[in-house]
Amino acid sequence: MRFVVTGAAGFIGSTLCDRLLADGHDVLGVDSFTDYYARRIKVHNIRDALQHPAFQLLEADLVTATLTSAVSEAGGVFHLAAQPGVRQSWGEEFSVYVRDGILATQRVLEACRTARVPRVVYASSSSVYGNAESLPVAEDAPLRPISPYGISKHAGEELCRAYGDGFGMEVVVLRYFTVYGPRQRPDMAFHRFIKSALTGRSIDVYGDGSQTRDFTYVDDAVAGTTAAMDRGLPGAVYNLGGGARWAVRDILDAIQTIAGKPLVLQHLEAQLGDVAHTAADTTKARRELGFAPEMDVVSGLARQAQSLSDRLRNGLLD
Ligand code: NAD
Ligand code: UGA
């Protein structure tokens, strides 16, 4: 099968490409290498894929490129490209979220409609729930995002629904819960925490560290993503969460153990747009996708620390 992956050079997209290639598929990866973080990191993410004969990279901006021919032969499109990041989405930056999150999604859906692509899988986010009334949160809970980023993901979901309802397209929406592991984006917590631990710099902790997240290892998120392409129900929404809720302060303790030396913590104000807690009810994903996350957070953290320390040694990170 030939698949298109948007956001192919990013954290989750590049890991998805590697999985699809290993499973014997042809992959066309699309990415514009936005400057949210360094191009060399993204190039490194796809270095193995680029060596693979079944991989092709299209460096293109989804907002301006002609996409129909790129998606025309695809058995499915995984749409992961977007402007991510919760806390940075206020102020002038929001226009980037509208552009790369909402407009790009509409253009991908339009191209898939024109080219009659059999199925689209859209990467949404736990941030669409906002501060959920009860946890774990199921897919039919009210959506009240509290960050502009969450609103951009909600809008992306609604576009998927409208194209599905309006044109009979098969679109499956996935709500990822804070994904971590090798290649994690440099703005995200584990990356920042581990890097500071390795380099002896101080760690910014937002609030008192009691906030919790249902952290999800990237390979588990990717397994749920390929399962959604294979057997997700058209129009369905699925939570993909790792299955264990951790407080940020407990994560810091685990990193201290891995680093083998005390961390230097700097407590800052809680950040506007950050929800207090997340926890995914994955009953539906388990039942309909066979989703079964395997990685425990301590082992996953250790793998991310190993990969980050290799990247630091190779001069890939400042
Ligand atoms: P990432 O920034 O590492 O990857 C996104 C990629 O999309 C980047 O390589 C970027 O260059 C590309 N891109 C952005 N705009 C583009 C455009 N207009 N045209 C072409 N390429 C473009 O982010 P990630 O963490 O891998 O996230 C992937 C997706 O998953 C995003 O849609 C994000 O909202 C969603 N998500 C991520 C998490 C998480 O914890 N990482 C959680 C929930 C949802
Ligand atoms: C992550 C992703 O960045 C979003 O793209 C995604 O949509 C979201 O998950 C999701 O699940 O929907 P976030 O949960 O904020 O967002 O992930 P991290 O950046 O890893 O932060 C986790 C926690 O650590 C947050 O409570 C944050 O406040 C805290 N944190 C983060 C710090 O205390 N210090 C930091 O330097 C960074």
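This is a predicted model: local features need pLDDT of at least 70, side-chain atom pairs count only at pLDDT 80 or more; totals for chains, interfaces and linings use all residues.
Axes are lines fitted to C-alpha atoms, for helices over the stretch in contact, and the angles between them run from 0 to 180 degrees. On the helix 1 side, the contact is formed by Phe 11, Ile 12, Thr 15, Leu 16, Arg 19 and Leu 20, and helix 8 contributes Val 218, Asp 219, Val 222, Thr 225 and Thr 226. Sorted by class, the residues of this contact are six nonpolar, three polar and two charged.

His 25 sits in the loop between helix 1 (11-22) and strand 2. Not counting residues up to four places away in sequence, His 25 touches Met 1, Phe 3, Leu 20 and Ala 54. One of these partners, Leu 20, also belongs to the contact of helix 1 with helix 8. For another, Phe 3, the separation can be given in two ways: His 25 and Phe 3 are 22 residues apart along the sequence, while their C-alpha atoms are 7.2 Å apart in space.

A second pair to look at is helix 5 (residues 94-114) and helix 6 (residues 148-167), whose axes come within 9 Å and cross at roughly 15°. Helix 5 and helix 6 are therefore roughly parallel to each other, and their crossing is right-handed. From helix 5, the contact takes in Phe 94, Tyr 97, Ile 102, Thr 105, Gln 106, Leu 109, Glu 110 and Arg 113; from helix 6, it takes in Pro 148, Tyr 149, Ser 152, Ala 155, Gly 156, Leu 159, Cys 160, Tyr 163 and Phe 167. In this contact, 11 residues are nonpolar, four are polar and two are charged.

Ligand 1 is surrounded by 30 residues, and the closest are Asp 31, Tyr 37, Tyr 149, Lys 153 and Val 179. Several backbone atoms approach this ligand. A polar backbone atom of Ser 32 is 3.1 Å from a nitrogen atom of ligand 1. Polar backbone atoms of two further residues face oxygen atoms of ligand 1, at 3.0 Å for Thr 34 and at 2.7 Å for Val 179.

Around ligand 2 there are 23 residues, of which Ser 125, Tyr 149, Thr 178, Arg 185 and Asp 274 come nearest. A polar atom in the side chain of Tyr 149 lies 2.6 Å from an oxygen atom of ligand 2. The side chain of Gln 211 has an N or O atom 3.3 Å from an oxygen atom of ligand 2. For Asp 204, a backbone N or O atom lies 2.8 Å from a nitrogen atom of this ligand.

Finally, two details of the backbone deserve a look. Most residues other than glycine have a negative phi, and most peptide bonds are trans. Phe 33 is not a glycine, yet it has a positive phi of about 55°. This residue lies in the loop between strand 2 (26-31) and helix 2 (39-45). The peptide bond from Leu 135 to Pro 136 is cis, with omega near -5°. Pro 136 is found in the loop between strand 5 (120-125) and helix 6.

Note on methods:
Residues are numbered from 1 along each chain as its sequence is written. Chains are lettered from A and ligands numbered from 1 in the order in which they are written. Side-chain values use heavy atoms; hydrogens and water are left out. Helices (H or I, at least four residues) and strands (E, at least two) are DSSP runs, numbered from the N terminus. Angles under 35 degrees count as roughly parallel, over 145 as roughly antiparallel, 65 to 115 as roughly perpendicular and the rest as oblique. A crossing is left-handed if the near helix is turned anticlockwise from the far one by less than a right angle, and right-handed if clockwise. Contact means heavy atoms within 4.5 Å. Ala, Val, Leu, Ile, Met, Phe, Trp, Tyr, Cys and Pro count as nonpolar, Asp, Glu, Lys and Arg as charged, and the others, Gly among them, as polar. A residue is near a molecule or strand if one of its heavy atoms lies within 4 Å of it. A polar contact is a pair of N or O atoms within 3.5 Å; within protein, one must be able to donate a hydrogen and the other to accept it, and residues adjacent in sequence count only if both atoms are side-chain atoms.
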